[in-house]
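Visitor: Hi! Could you walk me through this fold, starting from the inside?
Guide: Happy to, let's have a look together.

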Amino acid sequence: MAPKKKHAHKNNYYNDIALKLASEVFGVEHLHYGYFKGIQANIENLPRAQDAYLKNLLSFIPRKGVKRIFDVGCGAGGAAAALVKRGYQLVCLAPDPYLIEKTRQRTANKVQTITDLYENVEDEVPGASMDLILMSESCQYVNVDAGFANHRRFLRPGGYLLVADFFRTRPADERNPSKSGHMLGPFLEAAQRSGFQLLRQQDITEAVAPTMDLYQSFITNRIFPVVEALLELLRRALPRTFAVFRFFLGKRASALQSKYQKQGAALFKEYKRYMVFLFQLSANS
């Protein structure tokens, strides 16, 4: 019998419909925010803004001493493909087989892959210790203490941790019930406690926040109306089936719609900061 995993997969961690929607419907190559600095914020410009995001992120990688990179939460392989082109050796991790397959395709199978949650990885990383761990919008899904324990395990002494993600600066409340993202202060305290020195930081909240308005507009103005029309067809054609569907899923659907109506840029900026952090693990670790 296989040993029980320390952390079980959760539906909001993998097989995320939103990720596949962004990839297949929006036609974008990346599954992260757009960086709209000097770029007009609209759906048509999202791919360009995402390319700008990636360019900005990769500029944080130290020019010397980095060859092997562990891409934790590789998404659909956008960053991995760019890194392979630059000559880096990669191990890519995602808990969803769909995303791992996308990454393999994007990199022409030039990366090693792990399909699991980061917290579950112990001795599965092939080869020597890593020079840099990259977490692009995956940090929020990883338990802080377990994450830093693994960072220490997989990085060489003096290795780097590059994190790009949003962090909460105030607790969730009725106005903004979203609990996505780690609290910023405790996260930085955990980094210091774990032997990681902060070398560089950049607040890109203003440049990425317009992405929230674009996604909110697309989902509420295009996706939900289509779903409602399909439900109306179901109600007319199969009223009994519709009644069962509404009984079991009605409240959840309403909650989902309410959630996306509170995902705009203004609330995002009020409650969260999108940060890029470059840490270095102590050489004595």
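**Cores, sheet and helices**

Guide: The largest nonpolar core holds 39 residues, and Ile61, Ile69, Leu162 and Tyr274 have the most contacts inside it. A nonpolar core here is a set of buried Ala, Val, Leu, Ile, Met, Phe, Trp, Tyr and Cys residues joined through side-chain atoms within 4.5 Å. Buried means under 20% relative accessible area, exposed over 50%, and partly exposed in between (1.4 Å probe, protein chains only). This is a predicted model, where local features need pLDDT of at least 70 and side-chain atom pairs count only at pLDDT 80 or more, while totals for chains, interfaces and linings use all residues. Residues are numbered from 1 along each chain as its sequence is written, and side-chain values use heavy atoms, with hydrogens and water left out.

Visitor: How much of the chain is buried?
Guide: Buried residues make up 46% of its 285 residues. The chain has 10 helices and 7 strands.

Visitor: On to the sheet. What is the strand order?
Guide: The sheet is open, has 7 strands with mixed pairing, and runs S3-S2-S1-S4-S5-S7-S6. Two strands pair if DSSP finds at least two bridges between them.

Visitor: Which strands stand at the edges?
Guide: Strand S3 (112–115) and strand S6 (196–203) do; each has a single partner strand, so one side of each lacks a neighbour in the sheet.

Visitor: What about S7, is it mostly covered or exposed?
Guide: Mostly covered, with 8 of its 10 residues buried. Strand S7 (residues 272–281) runs antiparallel to strand S5 (residues 155–168), joined by 9 bridges. S6 is also antiparallel to S7, with 7 bridges.

Visitor: Which residues of S7 are the bridge partners of Val163 and Asp165?
Guide: Val163 has Phe277 as its partner, and Asp165 has Met275. For Gln202, the partner in S7 is Val276.

Visitor: Switching to helices: how do H5 and H6 pack?
Guide: Helix H5 (residues 144–154) and helix H6 (residues 184–193) pack at about 30 degrees, with their axes 10 Å apart. Axes are lines fitted to C-alpha atoms, for helices over the stretch in contact, and angles run from 0 to 180 degrees between N-to-C directions.

Visitor: Which residues make that contact?
Guide: From H5 they are Val144, Asp145 and Phe148, and from H6 Phe187, Ala190, Ala191 and Arg193.

Visitor: Where does H5 lie on the sheet?
Guide: H5 lies across strand S1 (68–72), strand S4 (130–136), S5, S6 and S7, at about 150 degrees to S5.

Note on methods. Helix = DSSP H or I, 4+ residues; strand = E, 2+ residues; numbered from the N terminus. Contact = heavy atoms within 4.5 Å.
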